[in-house]
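Thanks, everyone, for making the time.

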Amino acid sequence: MAHLKRAEAPLRYLTKSLVKKALSCPRKLVYATNPDTYPQKYDLVADPMRQHLSTEGERFGDYCKDLFPLGIEIGKDTSFERHSNAPMSEADLIDETKRLLMGEEPIVLFEGAVHHGLLFARPDVLVKTIDTDNNQTELKIIEVKSKSWDSRHTVESKMLTLKNSIRSTFLPYIQDVAFQTLVLRRAFPDFRISSWLMMPDRAKKLK
């Protein structure tokens, strides 16, 4: 009798979306990572406000990409060798990102895929710069948010309370980029990693 080999379950990474669920309620992480045991219920009625916010977020994301005209979008316009037209797997995305980041030239990547162990992140924008004088490579993680900013105020006055803690309106954004920074620092220990938020500035006016 032939021996049937049991198919291995797909690798499940800890992503920033799962981290956000865990931070809001640890039980939500259990539900999200066990969909067969805890089927998820979704509201079938479209929420116009959520749709609007999603659309505006996508528009601002596209605008930010235009600021980096030489940027490469991982999984869409890369030269990764593929043998089919199927979407790239997570492993393919990770390999392509690493290949490009380990090159000798500065580069900008959109939606790069980086992992360390079971930690997985896809920063909105990754900017690699090289300081030849100090022989130092820097990776800038840029997290794009459509929430407005006002540069007429200091970062401290906008983000921190009088008790010097992070304001609740900005805390999810800081946690977002902090998780990505953790993954990048572990995945590329020889690179200097810096973290940035890119938001529309209400103090600026389009000409």
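Let me begin with a charge and a ring: K147 lies over the face of F170, at 5.3 Å from the ring centre. Please keep in mind throughout that we are looking at a predicted model.

Stepping back, how many aromatic pairs does the structure hold? The count is 6, and I will take two of them in turn.

In one of them, the ring centres of Y13 and F120 are 5.1 Å apart and the planes meet at 25 degrees, so this pair counts as stacked. This pair links distant parts of the chain, since Y13 belongs to the segment before helix 1 (16–24), while F120 is in strand 4 (residues 119–121), 107 residues apart. Both Y13 and F120 are buried.

The other pair is F60 with Y63, whose ring centres lie 6.2 Å apart with the planes at 25 degrees, and it is therefore stacked. These residues, F60 and Y63, are 3 residues apart in helix 3 (residues 48–66), which means that about one helical turn separates them. Are the two partners buried or exposed? F60, at 12% relative accessibility, counts as buried, whereas Y63 is partly exposed, with a relative accessible area of 45%.

Key:
Residues are numbered from 1 along each chain as its sequence is written. This is a predicted model: local features need pLDDT of at least 70, side-chain atom pairs count only at pLDDT 80 or more; totals for chains, interfaces and linings use all residues. Side-chain values use heavy atoms; hydrogens and water are left out. Rings of Phe, Tyr and Trp (its six-membered ring) pair if their centres lie within 6.5 Å; planes under 30 degrees apart count as stacked, over 60 as edge-to-face and the rest as tilted. Helices (H or I, at least four residues) and strands (E, at least two) are DSSP runs, numbered from the N terminus. Buried means under 20% relative accessible area, exposed over 50%, partly exposed in between (1.4 Å probe, protein chains only). A charge sits over a ring if NZ of Lys or CZ of Arg is within 6 Å of the ring centre and within 35 degrees of the ring normal.
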